[in-house]
There are 4 protein chains.
Amino acid sequence: MKAIVVHGPKDLRIEDRPEEEPGRGEVRLRLASGGICGSDLHYYNHGGFGTVRLREPMILGHEVSARVDALGEGVTGLEPGQLVAVSPSRPCRACRYCHEGLPNQCLHMRFYGSAMPFPHIQGAFREVLVADAIQCVPADGLSPGEAAMAEPLAVTLHATRRAGLMLGKRVLVTGCGPIGVLSILAARRAGAAEIIATDLSDFTLALARTAGADRTINMRDEPDALAAFSADKGTFDVLYECSGAQPALVAAIAAMRPRGVIVQLGLGGDMNLPMMAVTAKELDLRGSFRFHEEFATGVALMRKGLIDVKPLITHTVPLDRAVEAFELATDRSRAMKAQIAFA
Amino acid sequence: MKAIVVHGPKDLRIEDRPEEEPGRGEVRLRLASGGICGSDLHYYNHGGFGTVRLREPMILGHEVSARVDALGEGVTGLEPGQLVAVSPSRPCRACRYCHEGLPNQCLHMRFYGSAMPFPHIQGAFREVLVADAIQCVPADGLSPGEAAMAEPLAVTLHATRRAGLMLGKRVLVTGCGPIGVLSILAARRAGAAEIIATDLSDFTLALARTAGADRTINMRDEPDALAAFSADKGTFDVLYECSGAQPALVAAIAAMRPRGVIVQLGLGGDMNLPMMAVTAKELDLRGSFRFHEEFATGVALMRKGLIDVKPLITHTVPLDRAVEAFELATDRSRAMKAQIAFA
Amino acid sequence: MKAIVVHGPKDLRIEDRPEEEPGRGEVRLRLASGGICGSDLHYYNHGGFGTVRLREPMILGHEVSARVDALGEGVTGLEPGQLVAVSPSRPCRACRYCHEGLPNQCLHMRFYGSAMPFPHIQGAFREVLVADAIQCVPADGLSPGEAAMAEPLAVTLHATRRAGLMLGKRVLVTGCGPIGVLSILAARRAGAAEIIATDLSDFTLALARTAGADRTINMRDEPDALAAFSADKGTFDVLYECSGAQPALVAAIAAMRPRGVIVQLGLGGDMNLPMMAVTAKELDLRGSFRFHEEFATGVALMRKGLIDVKPLITHTVPLDRAVEAFELATDRSRAMKAQIAFA
Amino acid sequence: MKAIVVHGPKDLRIEDRPEEEPGRGEVRLRLASGGICGSDLHYYNHGGFGTVRLREPMILGHEVSARVDALGEGVTGLEPGQLVAVSPSRPCRACRYCHEGLPNQCLHMRFYGSAMPFPHIQGAFREVLVADAIQCVPADGLSPGEAAMAEPLAVTLHATRRAGLMLGKRVLVTGCGPIGVLSILAARRAGAAEIIATDLSDFTLALARTAGADRTINMRDEPDALAAFSADKGTFDVLYECSGAQPALVAAIAAMRPRGVIVQLGLGGDMNLPMMAVTAKELDLRGSFRFHEEFATGVALMRKGLIDVKPLITHTVPLDRAVEAFELATDRSRAMKAQIAFA
């Protein structure tokens with residue numbers, strides 16, 4: 001079977017790997033669709049990010065759907081041929097954080113396609129994948145592409161829970177890549193009354209509006225537009241910071257109302273922040289990282305038609321053109337989510 | 001101008017009352033629509049409820065929309081002719097609870113159409129009403145009937161906030177009168193993943209399904225149906241208890257999962273509760289009473305098409321047939337929300 | 001070795017049982033002190049409570065301290081001879097609630113001395129006990145009696161966390177048995193500004209004052225005393241309901257201020273509650289059941305001198321007079337916590 | 001009467017000002033004690049901080065106690081001669097934040113001794129002060145110096161509420177000026193199990209230990225000491241950041257455990273923060289600013305002996321030597337809280 005392996009910056013190869021057999025509690029899956037995430041792009045374009053660097057070849061990918069191929073011993077509740085969304089979250093279920101109900105903070109997490117420990121955790125972009133049955137969430141009624149969106153959707157559902165009460169709130173979203181636009185969907189699903197989104201790309205902002213943003217601002221064209229929201233100490237109850245860019249967060253802080261909640265999703269470097277405003281307005285800046293049970297929640301919401309991710313899937317590319325897909329995904333002026341079709 | 005006045009059980013009269021002039025910060029309104037609430041029905045059918053009894057004639061009504069007729073001194077932001085939803089919540093803004101941000105717990109609340117203090121607080125079912133400008137929320141784009149639904153909708157939005165995080169939750173709604181069905185809309189708007197509703201009337205349960213309930217149970221036909229949800233200590237994360245009926249709450253407690261949240265909206269008498277289950281499952285039973293800022297939130301959500309209350313308005317009756325409207329509203333086998341058209 | 005076994009109402013026997021060897025991750029303990037809890041008394045006096053009934057002989061006891069006797073394979077961090085508090089909480093660490101961080105709601109809990117499943121979970125009142133090392137919390141510097149108080153203390157620390165913010169709050173405690181008095185200590189430790197306690201026994205109320213209650217009320221002498229706290233909708237922010245008695249809770253509800261939090265700890269039967277007041281004042285009634293990580297917290301707080309449980313230990317009785325100890329513990333006019341000295 | 005007026009950097013004058021008469025709801029007070037706060041020192045040493053600059057002479061001071069001299073019309077509950085702590089928090093009670101229960105975020109706050117609006121809000125360091133009766137909290141049984149500590153104590157009680165549950169938590173305090181040391185007292189009062197404090201001064205760290213810190217670290221001597229707390233993603237549940245210094249916060253972030261809460265109290269400039277750690281560990285950084293109802297809470301806790309601030313009052317200087325007091329207060333190697341004795 002074939003797998004998509006990154007060897008270094010701009011060195012992506014489609015390689016043959018042996019198939020595995022499912023053990024007890026496991027299933028063998030034939031991959032259907034795989035979405036390219038920002039971290040995949042970091043490995044592909046730069047060989048890593050921050051202190052996380054590639055040190056050996058690594059199969060990429062953690063946003064995948066698949067069809068059940070064979071069931072290992074003891075597995076119930078799944079049928080051969082069934083489409084499933086596959087969660088890349090594999091906590092140890094035994095460390096202190098797992099026992100506290102914080103599996104996304106697991107000390108021994110084996111998240112697909114991650115160079116953080118060494119040896120790296122190999123990813124899910126391979127034609128055949130053996131996974132734990134509990135990673136598989138039935139996705140009947142969804143397309144393979146939608147099912148593969150369960151992972152980034154889960155990231156934003158987790159962030160939405162971190163944000164607290166959302167019903168009737170005024171929401172700002174900074175950065176309209178896939179996580180930003182999915183945050184718009186999630187915030188709306190959770191009852192946000194008004195959603196304003198910013199980015200530097202008209203292409204992504206158009207999709208933000210499709211997703212439900214009431215208004216979008218291209219910060220390149222209107223760099224001072226958020227100042228209009230800073231009267232009386234500020235406007236927004238909630239900020240989804242999805243850009244990882246310091247200027248976006250700094251501008252947003254001035255527009256947050258007292259006791260507003262900032263959920264930091266975007267991964268960037270250090271940021272120089274106006275702590276006087278954070279303190280005086282008693283803002284609440286909360287990191288949000290990955291997800292766990294929200295993966296199944298997202299699948300359920302999509303299956304009921306309560307969240308529609310289809311407009312975000314702008315490109316579907318066959319496996320043998322994977323490099324092209326990675327190049328496309330890198331270009332935010334024309335791609336939102338690019339997915340690889342494995343079957 | 002005419003007003004709808006209750007003098008005692010089954011003694012409802014349409015009487016002439018003098019018009020008033022708006023003072024500073026006030027507006028004169030011409031009523032558009034008035035919805036009949038359960039408390040109006042208690043006064044009409046029984047002269048009160050519990051220890052709250054009519055002691056003098058009282059104008060009924062607190063679910064109203066109106067058109068702006070004249071602006072008092074200093075009023076801005078409203079236009080003559082404009083449709084507004086009129087909040088019946090008039091806290092003193094000076095007592096300890098008002099200062100704590102709990103205006104719905106105001107010690108000197110003057111909520112329209114309430115016999116709780118004496119002299120009673122006269123209601124809003126009158127052709128001409130002088131109100132504070134801050135009670136009026138512009139309802140452009142809504143029908144008068146929809147705008148008059150802002151009040152009961154606000155009750156359920158408040159309850160939804162009391163319930164805490166809703167995104168992806170499994171929800172049970174007991175009692176599908178207007179508050180129950182609006183709770184379904186509110187829970188869905190706030191992200192509930194699964195909603196099951198119970199009642200004793202097939203008519204109201206059909207509307208519950210229209211509002212988005214995934215499944216409904218007529219407890220008269222299937223009195224033990226909730227037992228199926230009690231395995232592994234229970235299923236539901238959230239209960240909206242809208243019936244005020246002890247059997248409904250008792251049956252629901254067995255179906256709540258540990259740490260589940262019960263929001264008690266239904267007003268009934270004393271209830272004999274299985275406290276052992278409440279304690280051992282660490283349930284969280286929270287009263288929810290009226291609303292405040294959620295009134296404007298509800299109008300905003302309706303105006304954006306994010307909540308659609310229209311299917312609940314089953315009857316619209318002209319003012320001169322008000323008694324007929326009250327009889328209709330009493331009959332839950334054929335009426336959900338009956339409204340009186342004032343103009 | 002000897003164990004304290006209940007065979008039925010008023011049938012308590014000291015019997016010989018074989019000693020066990022510690023396996024991997026386990027320790028062998030020689031019991032030091034064992035406190036008699038209300039549930040022990042229910043088994044002893046009535047053969048059970050509610051639907052929980054003895055169906056076979058059961059070793060009682062779950063409030064114990066012990067000295068480490070031998071370490072099983074792989075155990076570190078404990079020394080032979082060391083005094084430890086032994087947590088009776090043994091969740092499966094594998095069910096859904098364990099994974100959610102709610103081990104006290106474990107579906108397969110094996111809590112010492114509990115007749116809830118069958119075969120019953122045998123208790124800890126035995127001279128030699130083999131336990132998991134993770135149940136053992138070093139108690140250096142404490143007396144055996146203090147260390148044996150870790151369990152009921154943990155119950156009240158858990159309840160205090162369930163109560164939410166405590167700093168500066170006005171607190172009512174109904175029922176001044178050991179759990180009530182420990183709740184006073186816990187509430188004070190967490191920053192309660194004012195604590196009022198009620199009971200029917202002058203003996204326990206005197207100990208409540210020793211523990212820090214600012215005022216105590218004997219409800220037998222002053223049945224209407226709480227009415228003085230009901231002005232302006234009520235006074236207390238938090239209620240620890242430790243009596244399990246309906247009249248206590250009903251009287252307290254009238255004295256709770258809007259949005260007040262009632263933590264239900266007392267285990268009783270069904271209770272007929274004034275739901276109108278619960279709803280209209282938006283009270284928050286939360287069950288609290290057992291504990292988990294609070295066990296170690298309580299030991300830490302005692303070791304630092306931040307909580308002093310010594311005044312509650314009114315009687316220490318040698319093992320061979322265990323029946324006498326159970327009779328003493330039953331009499332709340334002269335005993336608070338009676339403990340059995342095993343060594 | 002005399003007042004302490006700052007005219008510019010190092011230009012502090014004792015000047016005569018006319019006495020005022022108390023109006024309705026007001027009281028005339030004779031000042032007892034006034035504590036010098038960090039913001040007073042900023043005006044005295046630098047003429048302001050950040051963008052807040054002196055533009056006209058301003059009476060300093062907002063940490064004051066006084067004796068009641070005369071009651072204005074309608075005032076009850078206060079007695080001439082009585083010692084009171086005087087809250088400098090004077091929200092408008094009419095803006096949106098006041099109505100939401102966030103008076104410390106009032107849009108029209110008139111906090112004593114603040115150059116933020118212009119004309120400046122004159123302060124309370126004057127022999128005779130007319131204040132609203134509701135600013136005055138009876139302080140019977142306290143010394144004038146203790147009563148004057150109510151204000152900085154309230155800052156830390158507010159921060160403690162912002163921090164959420166404290167019972168049994170592991171707490172880090174960075175910066176041991178008066179706010180840091182009072183945070184230690186507040187955290188302990190709220191149930192913290194372990195408190196570690198850092199600063200650059202051995203003098204303040206000694207007082208931190210007196211206040212209850214379990215361990216103190218002089219970061220000048222042991223710059224890497226916090227690294228020992230970063231294993232397994234970190235140790236501390238709560239951080240009180242009281243230094244306003246970027247290096248302190250950055251070092252502390254590495255020692256915070258996942259989902260830890262950072263309460264930012266220290267007022268400094270912009271800070272460059274490791275956002276990757278904030279995001280990945282899902283830290284929660286919350287600003288905390290001033291206080292409101294916590295002022296009375298602090299007085300109550302001191303009067304009951306539940307918080308003892310006396311060790312912090314290192315210097316008491318008569319009014320005519322006010323300049324000397326300000327110089328003393330500036331020197332953190334020998335002064336913790338310096339107070340001015342007005343009578």
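Predicted model: local features only at pLDDT ≥ 70, side-chain atom pairs only at ≥ 80, totals over all residues.
Let me start with chain B. Three of its strands make an open sheet, and the order across it is S2-S1-S6, with antiparallel pairing. Which strands stand at the edges? They are S2, residues 11–16, and S6, residues 58–59; each has a single partner strand, so one side of each has no neighbour in the sheet.

Now the pairing inside that sheet. Strand S1 of chain B, residues 2–8, is joined to S2(B) by 6 bridges, and the two run antiparallel. If you want one position to look at, take Gly8(B), which stands opposite Asp11(B) in S2(B).

Two helices of chain B lie across these strands. Helix H1, residues 38–46, lies across S1, S2 and S6, at about 55 degrees to S1(B). Helix H10, residues 322–330, lies across S1 and S2, and its angle to S2(B) is about 145 degrees.

Next, the interface of chains D and C. On chain D, 19 residues are in contact with 19 residues of chain C. The size of an interface is often given as the accessible area lost when the parts come together. Here the two chains bury about 1,700 Å² between them, and 62% of that is on carbon and sulfur atoms. How much of the area that chain D buries against chain C comes from Arg161(D), Leu167(D) and Arg189(D)? These residues supply 37%, more than any other three.

Which helices of chain D each supply at least two residues of the side that touches chain C? They are H4 (150–163), H5 (178–189) and H9 (294–303). H4(D) gives the most, with 3 residues. By type, the residues on this side of chain D divide into 8 nonpolar, 5 polar and 6 charged.

Last, the backbone. Most residues other than glycine have a negative phi, and most peptide bonds are trans. In chain B, the bond from Phe118(B) to Pro119(B) is cis, with omega near 0 degrees. Pro119(B) sits in the loop between helix H2 (96–99) and strand S9 (128–132) of chain B. Chain C has a cis peptide bond joining Phe118(C) and Pro119(C). In chain A, Arg93(A) has a positive phi, near 65 degrees, and lies in the loop between strand S8 (83–86) and helix H2 (96–99).

How values were computed: Residues numbered from 1 in each chain as written. Chains lettered and ligands numbered in written order. Heavy atoms only, no water. Pairing = 2+ DSSP bridges. Helix = DSSP H or I, 4+ residues; strand = E, 2+ residues; numbered from the N terminus. Contact = heavy atoms within 4.5 Å. Axes fitted to C-alpha atoms, helices over the stretch in contact; angles between N-to-C directions. Buried area = accessible area lost by both parts, 1.4 Å probe. Nonpolar A, V, L, I, M, F, W, Y, C, P; charged D, E, K, R; others polar.
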